Structures are given as C-alpha cells and as structure tokens.
Amino acid sequence: MAFADVFDAKLFMSATITLIVIMDPPGTVPVFLSLVGRKPMATRARAARQAVLVSLLVISLFAVAGQAILAYLGIGIPALQGAGGLLLLLIALQLLTSNGHEPEAAAEDVNVALVPLGTPLLAGPGAIAATIVFVRQADGHVGAYIALALAIVTTHFVIYLCMRYSGLVIRLIKESGITLLAKVAGLLLAAIAVELVANSVRGFISGAG
C-alpha cells in the first residue's frame, strides 16, 4: 500500500495552515497572560494544558459529528459565530473595565482555561467551520481523515508551546506590562467579537436571500 493511500499530505498542509491562521497561536498569548499572567508558573502551565485539551476535544467532536450535531439542533455556522462573538464581547468588556485585579479574582471562580481560552477563543466558530469543511473534503478517504487528525493535533501542539512558554514574555513586561496587555487583549477580543457578530449577520442575510 502506497504512503499516499494512507496519508493525504496535501490535505494535511492545507488544514494545518488554515487552522493555525484561524486559531492564531501567537495571538492567544496576550489574552492568556491577561487572564493568568499573575499566577504561579505551575498554574499557568496547567491552564495552558487544559485550554489546549478543551479546544482539542471540541474540535475533534465537531470533526466527528459536527454536521450531524448542527443538523439535529437546526443550528447554522452564522448562529455559532453570533454566539461566540457575544461571549467574547463579554470577556473583552470585563478586561477593558477591570482595575487589574478583577480578572484574576474572576479566574478563581471560573476556569478561564475552559472559557474563554479553550472555547470560543481557540475552538471558535471559524475553527469549527473549517474543520467541518475539511471533513467534507476528506469524503470518506482514510488517508484524508488521518491527515486531518494529525493537522488538528499539530495545530494544538503549536498553540500549547506558545502559551506554555509565555512566561518568557512575563519576565520582560513585568506587572505593569501585564495590566497594559490586559487592556490591549480586551480591545483585540472586542474587535474579534464584533467581526464574528458581523459575519453572523452577513451569514443570516445571505441565507435569507
């Protein structure tokens, strides 16, 4: 059996590049530090690991049964985009209006590795939609499914490395830098949230048309 029969290299490269661009591993570092940057190194490492595992679980779930889940619930990608955008907007407003201590206190009550890091920031509507599209492209070929699975794992490994070693950034920017980073991260999250909501509205309009 030829290697090409058991592994689709073209799909692997396409899926890996697409997911990395959408999930933006370097872009998660400011948000990650704004939420857990003041915590001990062990806590940051655990949060990075949990966020990646949550995202991997969500993406894998939608890769396996995404089309069936959306069809059963009657949910479209625009609805996912709108919900994810609103959730991110709430987190963004919290970061923008906090005094530098509230995000950390809130992180004690809610595991930020689950929300918003794991989902919807990493495993968001864009990544979910892209995964479903690649599953359709695989079209029942085992080699394509293997390539897609490896692409998903590779992307999450890159994300983990970015968050796991974000402590190097902390040594440079110090406490005041983390506070500033929280404001910048809040602004970026707000922009992402608005874009998701706008895409959701456009999706609904084009669907209605």
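User: In which helix is the place of P120?

Analyst: This is a predicted model, where local features need pLDDT of at least 70 and side-chain atom pairs count only at pLDDT 80 or more, while totals for chains, interfaces and linings use all residues. Residues are numbered from 1 along each chain as its sequence is written, and side-chain values use heavy atoms, with hydrogens and water left out. Helices are DSSP runs of H or I with at least four residues, and strands are runs of E with at least two, numbered from the N terminus. On that basis, the place of P120 is in helix α7.

User: Is the peptide bond from T119 to P120 cis or trans?

Analyst: Most peptide bonds are trans. For the bond from T119 to P120, omega is near 10°, and the bond is cis.

User: How many of the 10 residues of helix α7 are buried?

Analyst: Buried means under 20% relative accessible area, exposed means over 50%, and partly exposed is in between (1.4 Å probe, protein chains only). The buried residues of α7 are A113, P116, L117, G118, P120, L121 and L122. Helix α7 spans residues 113–122 and is mostly covered, its buried count being seven.

User: Which residues is L189 in contact with, leaving aside its neighbours within four places in sequence?

Analyst: L189 is among the residues with the most contacts inside the largest nonpolar core. Contact means heavy atoms within 4.5 Å. With neighbours within four places set aside, the partners of L189 are V31, L88, I91, A92, L95 and L121.

User: What volume does the largest pocket have?

Analyst: Rolling a probe the size of a water molecule over the atoms shows where empty space is left. On a 1 Å grid over the protein atoms alone, a pocket is an open set of points with protein on both sides within 12 Å along at least five of seven lines, a cavity is a set where a 1.4 Å probe fits but cannot get out, and lining residues have an atom within 4 Å of a point. Points are joined across faces, edges and corners, and the volume is the space filled by probe spheres set on them. For the largest pocket this comes to about 430 Å³.

User: Which element gives the most to the lining of the largest pocket?

Analyst: The lining has 23 residues, with I22, L88, L121, I192 and L196 nearest the centre. Elements that give two or more residues are α2 (9–23), α3 (25–36), α5 (77–97), α7, α8 (125–138) and α10 (167–208). With seven residues, the element that gives the most is α10.

User: By class, how many charged residues does this lining have?

Analyst: Ala, Val, Leu, Ile, Met, Phe, Trp, Tyr, Cys and Pro count as nonpolar, Asp, Glu, Lys and Arg as charged, and the others, including Gly, as polar. The lining of the largest pocket has 15 nonpolar and six polar residues, and its charged residues number two.

User: How far apart are the closest N and O atoms of R202 and E195?

Analyst: A salt bridge is a side-chain nitrogen of Lys or Arg within 4 Å of a carboxyl oxygen of Asp or Glu, and a search of the whole structure finds one. R202 is partly exposed at 47% relative accessible area, and E195 is partly exposed at 42%. R202 forms a salt bridge with E195, and the distance between their closest N and O atoms is 3.5 Å.

User: Is D139 buried or exposed?

Analyst: Most residues other than glycine have a negative phi. D139, in the loop between α8 and α9, has a positive phi near 50°. D24, in the loop between α2 and α3, also has a positive phi, about 50°, and is partly exposed at 36% relative accessibility. At 57% relative accessibility, D139 counts as exposed.

Notes. A nonpolar core is a set of buried Ala, Val, Leu, Ile, Met, Phe, Trp, Tyr and Cys residues joined through side-chain atoms within 4.5 Å.
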